[in-house]
Amino acid sequence: MAVDKDKIRELTREFLIALGENPDRAGLVETPDRVARMCEEVFEGIGLTNEEIAARFGKTFPVPEGCGMVYVKDIEIFSYCEHHIALMYDMHVSVAYIPKDKVIGLSKIARIAEMVGKRLQLQERIGSDIADIMQMVTGTEDVAVLIRGKHSCMTARGIKNTPSQTVTEVFRGAFKEDAALRDRLV
């Protein structure tokens with residue numbers, strides 16, 4: 001499903017009018033087009049299922065001998081909250097898995113996290129979606145996803161609590177069962 005840029009342009013113009021702005025003033029004339037292009041970019045993941053993301057970024061390799069847990073920390077992503085369409089930012093995603101028969105290219109883990117974020121989302125679902133995709137691609141049940149981030153629906157509006165962070169965790173397989181294994185994810 002492609003983003004309807006013409007409709008976004010039209011609605012952005014109407015939104016500016018509803019705000020009391022003049023969409024024909026110099027600084028706003030090109031805003032509807034800029035917003036349409038931005039939406040196409042930042043919401044690229046809306047049209048993709050988890051299975052399609054897994055297929056796109058599912059390049060794997062045989063497990064190297066002696067390979068233990070693989071852990072990629074602090075993948076930076078952003079997303080937009082589905083409740084307010086507010087920016088979720090300073091998001092750091094950490095993904096760990098215990099390889100079974102294959103390993104995934106490290107950059108693919110970051111690409112999966114980034115693409116999952118390019119949807120209207122909840123932080124909790126971002127973690128679950130990443131874990132689902134990692135399980136599909138790697139064939140292992142042993143996956144952990146930790147996310148910490150800021151939500152502008154809390155920092156810039158409403159309570160306006162700027163230092164607050166939201167932390168979510170998804171533990172599957174051995175990570176769910178073994179507290180010592182989870183403790184290694186610091």
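Predicted model: local features only at pLDDT ≥ 70, side-chain atom pairs only at ≥ 80, totals over all residues.
Trainee: What does isoleucine 130 touch, leaving out residues up to four places away in sequence?

Mentor: Isoleucine 130 is one of the core residues that touch the most other members, and it is among the buried residues of H5. Leaving out residues up to four places away in sequence, isoleucine 130 touches Val93, Val95, Ile112, Ala113, Val116 and Val145.

Trainee: How far apart are the end C-alpha atoms of H5, and what span should its residues give?

Mentor: Helix H5 covers residues 123-138, and glycine 139, which follows H5, has a positive phi near 75°. With 16 residues at 1.5 Å a residue, H5 should span 22 Å, which agrees with the separation of its end C-alpha atoms, 23 Å.

Trainee: Which parts of the chain does the pair of phenylalanine 43 and tyrosine 80 tie together, and how many residues apart are they in sequence?

Mentor: The structure holds two aromatic pairs, and in one of them phenylalanine 43 and tyrosine 80 are tilted, at 5.1 Å centre to centre with 55° between the planes. Phenylalanine 43 lies in the loop between helix H2 and H3, whereas tyrosine 80 lies in strand E2, so the pair ties together parts that are 37 residues apart in sequence.

Trainee: Why does the pair of phenylalanine 78 and tyrosine 80 count as edge-to-face?

Mentor: Planes over 60 degrees apart count as edge-to-face. The ring centres of phenylalanine 78 and tyrosine 80 are 6.1 Å apart and their planes stand at 90°, so this pair is edge-to-face.

Trainee: Is phenylalanine 78 buried or partly exposed?

Mentor: Phe78 belongs to one aromatic cluster with Phe43 and Tyr80. Phenylalanine 43 and tyrosine 80 are both buried, the relative accessibility of tyrosine 80 being 13%. Buried means under 20% relative accessible area and exposed means over 50%. Phenylalanine 78 has a relative accessible area of 34%, so it is partly exposed.

Trainee: Is glutamine 121 buried or exposed?

Mentor: Glutamine 121 has its place in strand E5, residues 120-121. Not counting residues up to four places away in sequence, glutamine 121 touches Ser79, Tyr80, Cys81, Glu82, Met88, Val116, Ile126 and Asp129. With a relative accessible area of 1%, glutamine 121 is buried.

Trainee: With which side chain does the side chain of threonine 168 make a polar contact?

Mentor: Threonine 168 lies in strand E7 and is buried, with a relative accessible area of 13%. Beyond residues up to four places away in sequence, threonine 168 touches Gln123, Glu124, Val145, Leu146 and Ile147. The polar contact, at 3.3 Å, is with the side chain of glutamine 123.

Trainee: Over which ring does the charged end of arginine 182 sit?

Mentor: A charge can sit over a ring if CZ of Arg is within 6 Å of the ring centre. The charged end of arginine 182 is 5.6 Å from the centre of the ring it sits over, that of phenylalanine 171.

Conventions: Residues numbered from 1 in each chain as written. Heavy atoms only, no water. Helix = DSSP H or I, 4+ residues; strand = E, 2+ residues; numbered from the N terminus. Buried < 20%, exposed > 50% of the residue type's maximum accessible area, 1.4 Å probe, protein only. Contact = heavy atoms within 4.5 Å. Core = buried A, V, L, I, M, F, W, Y, C linked by side-chain atoms within 4.5 Å. Phe/Tyr/Trp six-rings, centres within 6.5 Å; stacked < 30°, edge-to-face > 60°. Lys NZ or Arg CZ within 6 Å of the ring centre and 35° of its normal. Polar contact = N/O pair within 3.5 Å; in protein donor to acceptor, adjacent residues only side chain to side chain. Expected span 1.5 Å × (residues − 1).
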